[in-house]
Amino acid sequence: STDSKESESQQSKQLPIYRHKAELIRAVKDSTFLLVTGETGSGKTTQLPKYLHRAGFCKDGKIGITQPRRVAAITVAQRVAQEMHCTLGKEVGYQVRFDDCTSQSTAVKYMTDGCLLREILADPVLSQYSVVILDEVHERSLNTDILLGLLKKMFSKPGKAAEGRSFPLKVVVMSATLETDKLSSFLGDCPVFTIPGRTFPVTSTFGFAVGPKDIESSGYVKEVVKVALDVHTSEKAGDILVFLTGQVEIERACDLLYEKAESIDYRYDVEDQTVEGLLILPLYGSMPTDQQRQIFQPPPSGIRKCVVATNIAATSLTINGIKYIIDSGFVKQLNHNSRVGMDILEVVPISKSEAEQRAGRAGRTSAGKCFRIYTKEFWEKNMPEYTVPEIQRTSLTAVVLTLKCLGVHDVIRFPYLDCPEERFILEALKQLYQFDAIDRRGRVTRLGELMVEFPLHPGLTRAVLKAASLGCQDLLLPVAAMLSVENIFIRPELCGVNTDVLLPSGHPEKQKEADEKHKALATKSGSMNDFATLLAVFQLCKSSGRPSAWCKDHWVHWRALKSAFSVETQLREILLRLQQKRDFPVDTYDGEKSELFRRCLCTGYFTNVARRSVGKVFCTMDGHGSMIHIHPSSSLFDHEGKLNWIIFHDVLVTSKVYVRTACPIRYEWVKDLLPKLHEVDVYELSSVARE
Ligand code: ADP
Ligand code: MG
């Protein structure tokens, strides 16, 4: 309707960025690199691309805007399409891994930083773009940091960036008001445009209950619920934003809130008579996008909105009208775990600067309050000053392969905004060598060139390519797809991804029913093999003729399966494209047919081999020698005594190390591969880098 369009453009005229529109356009015109900073919510992400589009920057090429988070890319693109009155996927579109919503006519393209990195692989000077905007740079995601280095490098040699291009490329780097000087000096002292914003004071208080021990028990979930209800029943009107750790915790908190909010008697409890109900809305990365719209809508009058979110709401998405913050003090983060030598998603305390950022969300339109559920002592003793950039805490294997394929051989002296530790780089080189992606001297192999095309973990890609070379990709592609989507099995009782602690107030009866269905699926796959179970679920659902009903019957998330089907199709397309090129590897296999599947898996997972040592305990063979256990959700659980060697997909670390997706193998299958885990000379591998 014209009315809503009217108010929408009215709304965007009130954003702090609006008054600086002309100056901003001028600044982009006048420089190659421009740093734009401003408070969260000032309009950088949604407005600047629109201004540049109107000012004619799309005459020669596209405007590309990167986001570290996929939901942000999708949500913001939806909003901007709405503001520009066009259909999403036409002038304004988005692209995230396995989901491309763009077309020939797309001029403003929101995407994840990982997607732009892939585009650089195919087109090193980004010849399709007239403007590239790296957004949310303060988040310091691994891919954004690498993009910063690559763009800096592109312009470091005179004339180099112009090669293969017929018009100049403009680079805009946007961040919240953090580390501005450091960023500007990294980009050759580029100009800085600061959007003045207005913020209101936020008073923060500490709690009494939550400390470091609550990670294990997920005790913070119950505590945020308690505090949220206190705020709801005792504070004046104004919406609440709760920061929690992940989907499972958020859904659990929403359930609890919903239950308890039902029984509030508003006649007596609320001093401010305008609050008569609570609208509870979850917000996390993998939620269906149609549900996300509600997050931004003002609640009906008399109703208080309570958004329960992950860190996505800290800077990526701005929700208006928030007056109260409830901060759990934790975040779910991917960290390299040196005990097991793998990256692990874990719940850790946030940094103090992150806590300030969260609190600031309450002071956008008027004075606000932040309720920290953790103690002052926790703040002082357990929370670091700043968040460590992802590049310094996660595995670099995929990124190093990308750099090598881009011709950046010296991965040690690459222009990093913050250098990763050298041992992380060497670890990545070692892994790439083990997967045959690089040779002894650190040069990319033919296989490495094929591997980089897949947006998957290198080990999994290796297994897919092995299967393809033997003509049995139908076994591995569905597995790769299933491992790429989250939460396949419905687990009613689960709470706390770090721990899998079963909260007593969950749904034990339902869980029992779900467990039985899942066990039956594992049996149907015909072997004790979690990878085979994933394959069976994929195939059974697909061939059932009524897939959504099938999922309901088997306690499987239909939404996850639907994504897995789409991911599988896309992986198949990538594979077909590669197979049509010359020298795609062709292998032969003369072993048992029934073993083929597991042998393919071994080529990708031989770095994750474990041998049973005593009782139910296995020991990894990669030099870390970690003790691992089979997780109760695995089909291998309780059969440990019959097993000697296993491979596994990933681990879950609590007080013990658990594997969830695993299968038994024979020693002969990995015998020839295992020496590769030890023979590597990392100094030789990095010799190209050192020359
Ligand atoms: P910044 O990037 O500077 O943090 P944004 O451009 O993301 O700011 O947000 C500007 C404004 O647009 C905010 O007030 C935000 O609430 C609003 N906004 C963003 N996305 C939506 C949406 N999908 N629906 C309604 N409002 C939105
Ligand atoms: Mg933004």
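I began with a hairpin. Strand 14 and strand 15 form it with four residues between them, and Gly-341 there takes a positive phi near 65°. I took helices (H or I, at least four residues) and strands (E, at least two) as DSSP runs numbered from the N terminus. Strand 14 (residues 330-337) runs antiparallel to strand 15 (residues 342-349), joined by eight bridges. Two strands pair if DSSP finds at least two bridges between them. I found Leu-334 opposite Leu-345 of strand 15.

A note on the source: this is a predicted model, where local features need pLDDT of at least 70, side-chain atom pairs count only at pLDDT 80 or more, and totals for chains, interfaces and linings use all residues. Residues are numbered from 1 along each chain as its sequence is written, and chains are lettered from A and ligands numbered from 1 in the order in which they are written.

Seven strands form an open, mixed sheet in the order 21-22-19-18-17-20-23. Strand 21 (651-653) and strand 23 (662-665) are its edges, each pairing on one side only. Direction ignored, neighbouring strands are turned by 40° against each other on average. Strand 17 (residues 609-614) pairs with strand 20 (residues 645-648) in the antiparallel sense over three bridges. I noted Ile-646 of strand 20 as the bridge partner of Ala-610.

Helix 24 lies across strand 20 and strand 23, at about 110° to strand 23. Axes are lines fitted to C-alpha atoms, for helices over the stretch in contact, with angles from 0 to 180 degrees between N-to-C directions.

Which helix does helix 24 cross at roughly 140°? I found helix 18 (residues 458-469), whose axis comes within 7 Å of that of helix 24 (residues 596-605). The contact (C-beta atoms, placed from the backbone, within 7 Å) includes Gly-459 and Leu-460 of helix 18 and Cys-600 and Tyr-605 of helix 24.

I then checked helix 5 (residues 113-122) and helix 6 (residues 142-154). Their axes are 8 Å apart, at an angle of about 40°. The two are therefore oblique; the cut-offs are under 35 degrees for roughly parallel, over 145 for roughly antiparallel, 65 to 115 for roughly perpendicular, and the rest oblique. Among the contact residues are Leu-116 and Ile-120 of helix 5 and Ile-146 and Leu-150 of helix 6.

Last, is Asp-290 buried or exposed? Asp-290 sits in helix 12 (residues 289-296). Asp-290 counts as exposed because it has 8 C-beta neighbours inside 10 Å. By C-beta atoms placed from the backbone, 20 or more others within 10 Å is buried, 12 or fewer exposed, and in between partly exposed.

Key: Two residues are in contact if their C-beta atoms, placed from the backbone, lie within 7 Å.
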